[in-house]
Amino acid sequence: AKQRGKGNRVRFHDGMEEPVLAHARIGGDLRRALEAGEFRLHYQPIVALGEGQVIGVEALVRWDHPTRGLLAPAEFIPAAEATGLIVPLGRFVLREACRQAAAWLEEYGPDALQKVAPNVSVRQLHDPDFVEDVREALAETGLPADRLVLELTESAVLRGEQVSRTLHELHAMGVRLALDDFGTGESSLSLLRSFPASIIKLDKSFVDGIELDEPGTPAAEARQAVAHAVAQLAGALGLDTVAEGIESQEQADRLRSLGYTLGQGYHMARPMPAELMGEMLSRRAER
Ligand code: C2E
Ligand code: CA
Ligand code: CA
Ligand code: CA
C-alpha cells in the first residue's frame with residue numbers, strides 16, 4: 001500500500017474486494033508461502049532457430065499453493081509487487097536459478113547450457129542491496145557471472161540514476177542484461193543508448209501472426225517490418241536477439257528469414273519443472 005500516492009483515492013464497489021485489501025490478504029499468504037518454500041521455478045529453453053540446440057533457459061516462477069494448485073505469475077506477481085514482497089521473492093528466484101544452473105553445469109558439463117535467465121522486477125532494481133544479492137548468489141552457488149542473464153522490462157529500466165548505476169555495476173561484473181518484451185515500451189530506441197544491454201527479447205505481440213502473408217494483412221506486414229528493423233538494429237549494436245512466444249514452425253521460419261537466430265516458445269518447448277529440463281539437458285550432453 002506504500003505505493004499509493006495522494007491522488008490515488010481508493011473506491012469501494014458493492015461485491016468487489018478493494019484491491020489494497022486483496023493485496024494485503026494475499027501479501028500475508030505470500031509471506032507464509034515464502035517461508036514454507038512453496039515457490040518453484042519452471043524453465044523454458046531458448047533455442048537456436050536453425051539446429052534447435054538449447055542455448056539457455058528462462059526461469060519462470062510458480063506458486064505451488066497448498067489448496068489452489070500450481071499458480072502462474074499473473075496470479076500473484078502483481079500482489080507481490082504491490083506489497084514489496086517481490087524483493088524477497090525475487091531474491092529467492094535469483095538464488096534458485098543460479099543454484100540450479102550451477103548444478104546442471106556440474107552434472108552435464110560446460111556445454112550443457114550457456115545461460116540461465118531469471119526475471120527481475122523494478123522493485124528489486126531499486127533495492128539498494130540488489131547488486132550485493134547478485135554477487136552473493138554467484139559466489140555461493142559458483143555460477144560464473146557470464147552465465148547469468150537478468151531479464152528486465154523497459155519500464156523497469158527507464159527510471160533514474162540509481163538504477164542506471166546498478167545496471168552498469170552488474171554489467172561490469174560480467175552479468176548480462178536482457179531487455180524483455182522489447183517493442184512494447186514507449187522509448188525502446190532511446191533506451192538502447194544508455195542501457196548496457198546484451199540481449200533484446202522481441203515481444204510476442206510482434207511474433208503473433210508474423211507468418212501471415214496474404215495481401216491485405218497490413219498487421220502482419222507491420223510486424224514483419226518491426227521485427228526486421230529490431231534485428232538489424234540489434235546487429236548494428238552488437239546485441240543478441242531472442243524472439244519470444246513462437247507457436248509454430250511457420251513463425252520460426254519467418255523469424256529466421258527476418259534475421260533471428262534464437263527463439264523461445266511453445267512450438268519448441270513449454271516451461272517445465274527443473275527435473276524435466278534437466279532430462280532435456282542431459283540428453284543433449286550425451287550426444
Ligand atoms: P515474460 O518474462 O515475458 O515470460 C514469458 C511468458 O510467456 C511466460 O509466461 C511463458 O510461459 C509464456 N510463453 C512462452 N512461450 C509462449 C508461447 O509460445 N505462447 C504463449 N502464449 N506464451 C508463451 P508465465 O510463466 O506465465 O510468466 C508471465 C510473466 O510473469 C513473465 O513474462 C514475467 O513478466 C513474469 N514473471 C515470471 N516469473 C517471474 C519472476 O520470477 N519474477 C518476476 N518479477 N516476474 C516473473
Ligand atoms: Ca522474461
Ligand atoms: Ca517477455
Ligand atoms: Ca511479458
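1. Basis of the note. In this predicted model, local features need pLDDT of at least 70 and side-chain atom pairs count only at pLDDT 80 or more, whereas totals for chains, interfaces and linings use all residues. Residues are numbered from 1 along each chain as its sequence is written, chains are lettered from A and ligands numbered from 1 in the order in which they are written, and side-chain values use heavy atoms, with hydrogens and water left out.

2. Shell of ligand 1. The ligand is surrounded by 21 residues, a residue being near when one of its heavy atoms lies within 4 Å, and the closest are Arg 62, Asn 119, Asp 180, Glu 247 and Tyr 266. By class this shell holds nine nonpolar, five polar and seven charged residues, where Ala, Val, Leu, Ile, Met, Phe, Trp, Tyr, Cys and Pro count as nonpolar, Asp, Glu, Lys and Arg as charged, and the others, Gly among them, as polar.

3. Polar side-chain atoms lie 2.9 Å (Arg 62), 3.2 Å (Glu 58) and 3.3 Å (Asp 181) from an oxygen atom of ligand 1, a polar contact being a pair of N or O atoms within 3.5 Å. Taken alone, ligand 1 exposes 800 Å², of which the protein buries 78%, with areas from the Shrake-Rupley method and a 1.4 Å probe.

4. Contributing elements. Strand E2 (54-65), helix H3 (86-108) and strand E6 (176-182) each give two or more residues to the shell around ligand 1, and E2 supplies the largest share, four residues; helices (H or I, at least four residues) and strands (E, at least two) are DSSP runs, numbered from the N terminus.

5. Calcium ion, ligand 2. Its protein donors (N, O and S atoms within 2.8 Å of a metal, or 3.2 Å for Na, K and Ca; water is not among the atoms, so sites may look incomplete) are Glu 58 (OE), Asn 119 (OD1), Glu 151 (OE) and Asp 180 (OD), at 2.1 to 2.3 Å. Among these, Glu 58 in strand E2 and Asn 119 in the loop between strand E4 (115-118) and helix H4 (122-126) are 61 residues apart and link distant parts of the chain.

6. Asp 181, placed in strand E6, coordinates both ligand 4 and ligand 3, which are 3.7 Å apart, and the protein donors of ligand 4 come from Asp 181, at 2.8 to 2.9 Å.

Note on methods
Polar contact = N/O pair within 3.5 Å; in protein donor to acceptor, adjacent residues only side chain to side chain.
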